[in-house]
Amino acid sequence: EFLPDSKHSKNNNLFLSVSVDLSLVRFITTELTRGYFLEHNEAKYTERRERVYTCLRIPKELEKLMTFGFFLCLDAFLYVFTLLPLRVILALLRLFTVPCCGLSGSRLLQPAQVCDVLKGFIMVLCYSMMSYVDYAMMYHLIRGQSVIKLYIIYNMLEVADRLFSSFGQDILDALYWTATEPKEKKRAHIGVIPHFLMAVLYVFLHAILIMVQATTLNVAFNSHNKSLLTIMMSNNFVEIKGSVFKKFEKNNLFQMSNSDIKERFTNYILLLIVCLRNMEQFSWNADHLWVLFPDVVMVIASEVAVDVVKHAFITKFNDISADVYGEYRASLAFDLVSSRQKNAYTDYSDSVSRRMGFIPLPLALLLIRVVTSSVKIQGSLSFMCVLLFYLGMITLKVLNSIVLLGTSCVFVKEANMEEKLFNPPPSVASKNAAPSFPKSDSDTFLTTPDEEDDDKIINADTGLEGGGLAHRPPKKDLLEIDRFTICGNRID
């Protein structure tokens, strides 16, 4: 029989509560005891683990590249102080002795000697112009500005330094080519004069720009609460935000790596200038050096940390292997080895300038200006110390060059790039012959193919008739990438 309505509804509520309790218990039990199997998606988790391993390898591989690039920049930087003056003296001796010997049929100077003489004249003229710049007045003028204004000025100087480096190497290359290109008429030599004046103006202005950078950094070191130095160091971490979340290919990352090498070496020289100026103010008291030491370590540590984090996440987000830094190192080594060949078509210091954006002339000029104004040379003993220091620099330069050359030969051999040393330069080869496919894997290991290019290669290989290969434009090689070549969507 049917129950009354009130009793019927009461039993229904009791039944629902019991069923709910049973479902809740079952759900909790399932959550506590359910299982899952990672091996069912083995490829996915293996890829995730490899990304972690790649991020852990980045600091080691990056620092290998940075160390090798640092000594390359040091070699080009020491060249300005050591071998360049000697080469200029030898070129001038030849210039004055060849006419006296009556050798009318031979050239007065070889193209390399002409470039050396031009570099020497540029350094002498710019140094005489730099002697009229008052460093002390510039220091007090910058120190009187507010912290925020100095922070803005420092950022503007970094941008201006990159622009100067980009256009400056073109100015110097134009001067060298104008002075050495074959000319049919003597009147054509007059074109060297405006190019020479432009080069002198560029080196002088770039040296002044770097001097303002060093002065701003010096003001930050000497500020009481170190607020300006903290703000300037935090600017490095802003660089992570502007770089990590953008798409990069191997060529773009190569440009960024070269830029980081140049930036790190330039910062080391700026720190050296700051220490020299501070030590002069405290009468070369060694105790003050320990006061500067913590700030110097903080600047260097922040640079290294930012570079490691930036490159680790760029390689992670763009699926780039850590082995790519070995390819970058081999490309830089190839420049050094090829510049030592008998038929080399460029000086190594100029090759470093184009590859990394590092032009040693303005930075060397500023360091000479600071050293000569900070160190007073009086008496024969002082001149003897200067001579010994110069001989020590020559020894360091020669030793560094020998070690770099041997290491570079090892890198080139490991990368199977020996055959490229005997090929003509890319620009000459492109004029004389049509582009063709490389014959071995060593010709393609520095090429960064896109997914679209891979599809084109596969379609070409599968759709060919008779075994022939269809012509396609060659992918740009890392050996053809310099610091300011627009490759992809980013230069920095």
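Visitor: Which helices do the buried residues of H12 pack against?

Guide: In this predicted model, the buried residues of H12 pack against H2, helix H4 (111-130), helix H6 (147-180), H9, helix H11 (324-339) and helix H13 (360-374).

Visitor: And how many residues of H12 are buried?

Guide: Eight of its nine residues are buried, so helix H12 (residues 348-356) is mostly covered. The buried ones are Tyr348, Ser349, Asp350, Ser351, Val352, Ser353, Arg355 and Met356.

Visitor: What comes just after H12?

Guide: Gly357 does, and this glycine takes a positive phi of about 75 degrees.

Visitor: Stepping back, how many helices and strands are there in the protein?

Guide: The protein has 16 helices and zero strands. Of its 492 residues, 41% count as buried. As for contacts between residues at least 6 apart in sequence, 86% join residues at least 24 apart.

Visitor: Let's talk rings. How many aromatic pairs are there?

Guide: The count comes to 13 aromatic pairs. One of them is Phe70 with Tyr268, an edge-to-face pair at 5.6 Å centre to centre with 70 degrees between the planes.

Visitor: Where in the chain do Phe70 and Tyr268 sit?

Guide: In distant parts: Phe70 is in helix H2 (residues 42-81) and Tyr268 in helix H9 (residues 250-281), which puts them 198 residues apart.

Visitor: Which other pair is edge-to-face?

Guide: Phe77 and Phe81 make one, with 5.1 Å centre to centre and 70 degrees between the planes. They are four residues apart in helix H2, so about one helical turn separates them. In general, an α-helix has 3.6 residues a turn, so residues three or four places apart point the same way.

Visitor: Are Phe77 and Phe81 buried or exposed?

Guide: Both Phe77 and Phe81 are buried.

Visitor: Which residues do the ring pairs link into a cluster?

Guide: The cluster is made up of Phe70, Phe71, Phe77, Phe81, Phe265, Tyr268 and Phe358.

Visitor: Nice. And which ring has the charged end of Arg329 over it?

Guide: That would be the ring of Phe411, with the charged end of Arg329 sitting 4.7 Å from the ring centre.

Visitor: Back to H2. At what angle do H2 and H10 pack?

Guide: H2 and helix H10 (residues 286-317) pack at about 130 degrees, and their axes are 9 Å apart. The two helices therefore count as oblique to each other, since an angle would have to be over 145 to be roughly antiparallel.

Visitor: Is the crossing of H2 and H10 left-handed or right-handed?

Guide: The crossing is right-handed.

Visitor: Which residues meet there?

Guide: From H2, you have Arg51, Cys55, Ile58, Pro59, Leu62, Glu63 and Met66. On the H10 side, they meet Val304, Asp307, Val308, His311, Ala312, Thr315 and Lys316.

Visitor: What does Ile314 touch?

Guide: Leaving out residues up to four places away in sequence, Ile314 touches Ser243, Val244, Phe248, Leu253 and Met256. Val244 is 70 residues from Ile314 in sequence, yet their C-alpha atoms are 5.3 Å apart in space.

Conventions. Residues are numbered from 1 along each chain as its sequence is written. This is a predicted model: local features need pLDDT of at least 70, side-chain atom pairs count only at pLDDT 80 or more; totals for chains, interfaces and linings use all residues. Side-chain values use heavy atoms; hydrogens and water are left out. Rings of Phe, Tyr and Trp (its six-membered ring) pair if their centres lie within 6.5 Å; planes under 30 degrees apart count as stacked, over 60 as edge-to-face and the rest as tilted. Buried means under 20% relative accessible area, exposed over 50%, partly exposed in between (1.4 Å probe, protein chains only). A charge sits over a ring if NZ of Lys or CZ of Arg is within 6 Å of the ring centre and within 35 degrees of the ring normal. Axes are lines fitted to C-alpha atoms, for helices over the stretch in contact, and angles run from 0 to 180 degrees between N-to-C directions. Angles under 35 degrees count as roughly parallel, over 145 as roughly antiparallel, 65 to 115 as roughly perpendicular and the rest as oblique. A crossing is left-handed if the near helix is turned anticlockwise from the far one by less than a right angle, and right-handed if clockwise. Contact means heavy atoms within 4.5 Å.
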